[in-house]
Amino acid sequence: MSKIELLAPAKDKEKAKIAIKYGADAVYLGGENYSLRSRASNFSNEDIKEIVEYAHLRKAKIYVTVNIVFHDDDFKGIKEYLEMLYEFGVDALIISSPFLINYVKKHFPKMEAHVSTQLSSLNSEAIKMLKEFGADRVVLAREASMEEIKEISNNSSLPIEVFIHGGMCANYSGRCVMSNRMTNRDANRGGCAHSCRWKYHVYNNGVLLSDPNNPLSMSSKDLRANEYIEDLINANVASLKIEGRMKSEYYIAQVVKTYRNLIDEIYEKGHVSSDRQEYYTNELYKAENRPSATGFLSGKCDEDKSLYGINGAGVTHDYVAIVKEYDEARNIAKIEVKNMFDLKDTLEVFGPDMNNKQFVNNMMFDEDWHFISEAHKPTQIVNIRIPFKVAKDYMIRKVS
Amino acid sequence: MERLITLSSIRNLNKLSSSSCEGVIFGSNFSTRFNYSLNEFEDINEYCLKNKLKRYVNVDVFINERELTRLKNYLEYIKDKEFDGIYFSDLAVLSIAKELNIEDLLIYDPDTLMTNTLDISFYLKRGLGVVLARELEIRELLEVVKNNPMKLDLQVFGHLKMASSKREFLNNYFNYIGVPLNLKNMKTIRLVEENRNYELPIVEDKYGTRIYTDYCFVMYHELAYIKDYLKRLIIDDNFIKDFDVVLEVAKDIKRLSADNSEYLFKMFKNNHPYLQLSSAYLYQKITKKKEENV
């Protein structure tokens with residue numbers, strides 16, 4: 001049985017490289033068309049080719065999303081696009097159209113067809129039909145408990161992929177058009193306005209039932225499944241999927257690294273203690289931009305797994321810089337500033353092959369080697385003294 | 001062309017006859033739309049048989065792994081009752097129906113998804129019926145119907161389902177604010193978004209929550225041109241207080257033509273001024289991406 005796959009999202013090629021560097025076995029991304037997350041689809045055709053080559057050199061895979069719910073006009077150019085992706089060596093497509101699943105299998109046998117969560121698959125009989133259609137893998141809907149996933153996996157005729165982290169739709173994926181009605185934006189073709197996260201008053205026969213100062217929201221906490229990774233591995237799930245094609249490089253690095261370490265520890269030791277789980281939970285909190293919970297994995301999604309009073313995702317300001325270069329002889333790192341920090345701040349570095357390490361920022365220069373006491377401009381290049389070895393793409397966050 | 005009326009309340013059963021419509025849609029197990037007991041289900045079934053009305057059962061829930069055996073038992077029961085059609089949403093129904101050799105009864109209705117000719121043909125070629133997605137624009141609708149004459153179903157009246165969730169939004173919220181309320185199966189609850197003024201019907205039950213359009217979809221003019229190219233027309237009575245309204249729609253559809261559609265629609269509007277009618281997505285300019293909607 002091969003090792004479970006860790007599948008990470010990427011909005012652009014820099015983030016794809018970060019994901020692979022930090023331990024993802026595969027990355028999924030969207031091209032400029034045909035992808036559900038329109039604002040997260042920043043891969044030109046050339047970018048896709050480049051990242052496929054990059055990934056394959058590092059034994060990682062690339063999956064491209066072609067997962068919109070197609071209208072007739074949307075199919076324009078699809079044949080040529082799929083031929084191009086096949087030529088590039090893309091490993092799989094994530095698809096919601098049964099016609100396309102079948103088409104890909106017939107014409108591009110070396111490129112897998114993975115069924116998108118948009119088809120809301122929740123049982124082995126549905127998977128059996130999807131296999132008949134030509135699918136190679138099914139991304140399960142998020143509405144399954146861990147017990148249900150075990151049973152599905154046991155009975156499934158195809159490998160299954162399970163979401164383990166990130167944003168959750170309030171409604172069954174692919175079956176929601178609230179955005180269409182409320183904003184004229186098509187939820188199933190990349191335009192979802194997240195109407196579920198807005199605030200609503202509740203009436204019964206014209207009488208207000210809800211609290212006028214605290215209206216209803218259908219918003220969900222993000223999913224965090226670190227406590228279930230062991231169970232998912234034991235259930236022979238094929239792939240663990242992190243949601244977040246809109247997310248920052250910091251988020252991707254921190255989340256991928258944490259799950260990478262967790263998966264490797266489980267394979268090495270067979271089990272992870274509750275202390276270690278607590279450690280991994282705290283590591284994931286460092287990247288959190290919305291409160292998180294276990295979703296449907298632990299059973300029903302009650303009010304503790306819902307989000308009230310908060311609309312959008314928060315942005316962490318703890319992430320302060322990314323390493324560009326490191327001069328080991330002088331212990332000086334050239335870094336790009338992401339958020340404000342000052343001299344005397346305690347900073348923490350993490351990297352794909354390094355555990356978290358803290359240091360006090362006691363020496364800082366600008367690009368012209370003038371001493372400075374603050375770094376307050378994002379994209380500013382700064383040289384700081386880091387008393388241990390670091391490398392390109394290591395990330396730095398503020399501790400205090 | 002068959003006119004099918006959904007039966008939300010058994011109180012209205014006696015109003016149905018073969019002169020009012022060709023068939024009835026109802027359900028019991030595995031239906032988010034109907035929750036008749038098995039006894040009521042049997043009563044409706046017998047009434048339809050006696051009155052020569054076709055019977056279509058709604059099996060629209062998402063099926064959990066543990067329910068597959070029970071689903072199979074239910075489909076075997078449906079097979080024994082010789083129903084005329086089964087509306088379904090989860091592909092598990094197709095898989096089991098194949099085993100039972102009743103896939104020719106199946107009509108795929110995932111609410112959305114059936115938005116293009118290729119996917120629709122994919123299912124039609126397998127001998128299934130298909131209900132067109134509710135969010136199609138008129139141009140798309142006409143094209144798809146033209147390319148598949150007498151093969152497709154369409155909801156032509158009623159509130160449209162916008163979202164379906166396994167979560168209990170109402171229960172969760174009222175627990176959160178410390179005011180536990182049991183609002184299950186109530187059809188009178190409405191949501192109003194804080195910056196908008198229209199009321200969205202919301203229904204919560206053992207399967208979760210469903211949210212519908214504030215308006216009642218209607219398409220007299222367009223239907224005049226395409227009704228004879230459609231296989232089944234679904235007239236949905238969900239949230240319609242007066243069942244006579246759906247009977248009137250069914251009656252109008254039968255005599256609808258290009259010459260009289262405007263008149264009939266005007267009369268219908270005058271008869272029911274309280275109904276918030278809309279052509280829904282037919283003429284709505286829907287953008288695909290956030291950037292387009294400036």
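Start with strand β7(B) and its link to strand β13 (residues 232-235) of chain B: four bridges join the two, and they run parallel. To spot the pairing in this predicted model, look for Gln155(B), which stands opposite Ile234(B) in β13(B).

β7(B) has other partners too. Strand β6 (residues 129-131) of chain B is joined to β7(B) by two bridges, again in a parallel arrangement. Here Val131(B) has Asp153(B) as its bridge partner in β7(B). Strand β12 (residues 216-218) of chain B runs antiparallel to β7(B), with two bridges joining them. In that pairing, Gly158(B) sits opposite Phe217(B).

So how enclosed is strand β7 (residues 152-158) of chain B? Seven of its seven residues are buried, so the strand is largely enclosed by the rest of the structure.

Now step across to the other chain. In all, 63 residues of chain A are in contact with 58 residues of chain B. On the chain A side, the elements that give two or more residues are α4 (98-107), α5 (124-133), α6 (146-155), α7 (178-183) and β8 (200-204). Of these, α5(A) gives the most, with six residues. The chain A side divides into 26 nonpolar, 21 polar and 16 charged residues.

Strand pairing also crosses between the chains: five bridges join β8(A) to strand β9 (residues 189-193) of chain B, and these two run antiparallel. To find the spot, look for His201(A), which stands opposite Val192(B) in β9(B).

Note on methods: Residues numbered from 1 in each chain as written. Chains lettered and ligands numbered in written order. Predicted model: local features only at pLDDT ≥ 70, side-chain atom pairs only at ≥ 80, totals over all residues. Buried ≥ 20, exposed ≤ 12 C-beta atoms within 10 Å, placed from the backbone. Pairing = 2+ DSSP bridges. Contact = placed C-beta atoms within 7 Å. Nonpolar A, V, L, I, M, F, W, Y, C, P; charged D, E, K, R; others polar.
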